[in-house]
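Here is a short tour of one protein chain, taken a piece at a time. Have the structure open and follow along.

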Amino acid sequence: MDFTPYDLMVDVGLISVLMIVGTFMRRHFQWFRRLLIPAPITAGLLALALGPQVLGIMPFSDSLSTYSTILIAVVFAAMPYSMAFASGSFAKARNMWAYSTSMFLGQWGIFILLGAFVFAPLFGTPDWFGMMLPVGFVGGFGTAAAVGGALDSVGMEAASSLGFTAATLGTLAAIVGGIIFANWGIRTGRTSTLPEKLPWELRSGEITDEDKQPSIGKATTNPSSIEPLALHVGFITVTVMIAYFLKQWLESIFPELTIPLFALSFVVGVGGRIFLRVINRPKYLDAQTVRSISGASTDYLIAFGIASIVPSAVAGYLVPLLILFAAGVVYCTLIFFLSSPLYFGDQWLERGIFGWGWATASVATGIALLKIVDPDLKSGTLDDYGVAYVGFAPFEIGMNILAPIAVLAGFLSGLGGVALVVAVGVFVVPFFLGWMPNHGKSSGKGGSRGKGSGKGSSAASATSNAD
């Protein structure tokens with residue numbers, strides 16, 4: 001049966017219904033509030049169970065995996081229009097940069113090499129199998145769509161399913177592990193603040209107080225000319241369209257060349273931002289509106305991505321996938337307990353909790369976990385990360401683009417080796433340059449907070465039992 005616009009309407013409509021259901025479940029069911037489960041993940045899991053791959057109740061089309069490819073292109077196309085160089089002291093955030101970059105590249109490097117030299121010979125998996133761990137963990141759903149979609153397009157059909165499975169498992173590990181670590185930190189007095197209870201807005205996902213409801217963007221045009229949202233959506237859509245035509249043109253000239261659509265979308269987006277500066281309209285697009293569109297695309301990307309998982313493809317990798325997942329959790333746990341105190345000194349827990357969240361899932365998950373131990377964000381963790389991201393972003397974006405290209409070029413092991421060498425180099429830089437903090441004798445108990453363990457225990461109980 002040919003795909004029609006009505007099929008698109010039904011697919012988006014069904015997944016939207018499930019996202020609304022996921023929002024309702026987060027709002028009204030204690031278990032979902034306690035685990036801070038995002039609505040798109042709930043929607044994706046429901047769509048997978050009710051869709052054609054399992055129960056066959058919901059009439060989704062056969063194009064679910066295609067949506068992820070387009071939506072991740074939208075996310076990358078929006079990046080250049082919303083990126084801003086954070087201002088602040090590099091001295092304040094340099095350890096956050098070293099910590100983030102070494103952890104990120106280390107995860108990629110170690111698991112790429114494990115996949116090629118351990119999993120492939122022991123389990124007969126493809127060389128790129130180990131890469132699916134960082135794709136789903138430190139990469140998240142966006143990278144799962146980007147890298148998995150690029151590999152799927154050249155016949156590696158299990159890549160997207162494995163990537164989205166790893167991202168789903170990583171998110172669950174992030175939330176469960178993060179809550180355990182947060183409660184442990186509160187009980188032992190290692191936090192700089194002692195929250196009595198998670199705010200309702202964070203637990204339920206609903207912002208009922210109108211004074212606390214943030215703006216999702218500003219109008220840069222008068223609706224009499226064009227609705228501002230239509231302008232922003234149109235700009236991003238045109239960016240993806242140009243990238244698509246450019247991809248077709250390049251591949252018609254070089255038939256052996258395969259370029260991911262999301263990579264070209266980012267490049268065209270950079271060109272679009274330069275164009276706006278050339279015509280002296282650098283603020284023609286509102287950055288927050290662009291981020292809102294990108295965020296909405298990411299939500300649908302997550303839901304469609306999970307829904308498109310092929311259980312039979314994942315089942316064929318079940319044993320090595322479980323071992324890979326366990327190894328990933330061990331890696332992130334070691335980073336939390338060893339690297340975080342080393343880089344951040346006595347008050348390391350807030351930054352460690354945040355790092356755990358995005359090392360296993362996403363920056364958004366890291367922020368949600370951070371608010372458990374630092375509800376008012378007074379620790380400065382996000383400020384440091386914002387400054388550090390200026391130096392970290394090239395590694396993140398570059399790896400997303402280079403990873404599928406390295407697989408297709410047969411250079412994956414080389415990429416893993418280079419990533420690991422750079423990770424080790426970045427890891428030791430703070431030692432040689434004298435960036436490391438002074439670790440006081442009180443670090444084991446979190447300084448003066450150690451005496452507050454009774455109150456911390458009460459707070460931990462309130463947090464874990466919050467409804």
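## Reading the helix labels

Helices here are DSSP runs of H or I with at least four residues, numbered from the N terminus. With that in hand, please keep in mind that this is a predicted model.

## Confidence along the chain

The average pLDDT of the chain is 84, and 89% of the residues reach at least 70.

## K247 in helix α10

Now turn to helix α10, which covers residues 228–253 and holds K247. Is K247 buried or exposed? K247 counts as buried because its relative accessible area is 17%, and the cut-off for buried is under 20%.

What does the side chain of K247 meet? It makes a polar contact with the side chain of E251, at 2.8 Å. Setting aside neighbours within four places in sequence, K247 also touches I259, L261 and L264.

## A nonpolar patch on the surface

Finally, have a look at the surface, where F117, V118, L122, F123, L318, V319, L322 and I323 form a nonpolar patch. Together these residues have about 760 Å² of accessible area. Two or more patch residues come from each of α5 (90–123) and α14 (318–344).

One member to pick out is I323, which sits in helix α14. With a relative accessible area of 39%, I323 is partly exposed.

Notes: Residues numbered from 1 in each chain as written. Predicted model: local features only at pLDDT ≥ 70, side-chain atom pairs only at ≥ 80, totals over all residues. Heavy atoms only, no water. Patch = residues over 30% accessible without salt bridge, like charges linked within 9 Å, V, L, I, M, F, W, Y side chains within 5 Å. Areas by Shrake-Rupley, 256 points an atom, 1.4 Å probe, with all protein chains shown as cover. Salt bridge = Lys/Arg side-chain N within 4 Å of Asp/Glu carboxyl O. Buried < 20%, exposed > 50% of the residue type's maximum accessible area, 1.4 Å probe, protein only. Polar contact = N/O pair within 3.5 Å; in protein donor to acceptor, adjacent residues only side chain to side chain. Contact = heavy atoms within 4.5 Å. pLDDT = per-residue confidence, 0-100.
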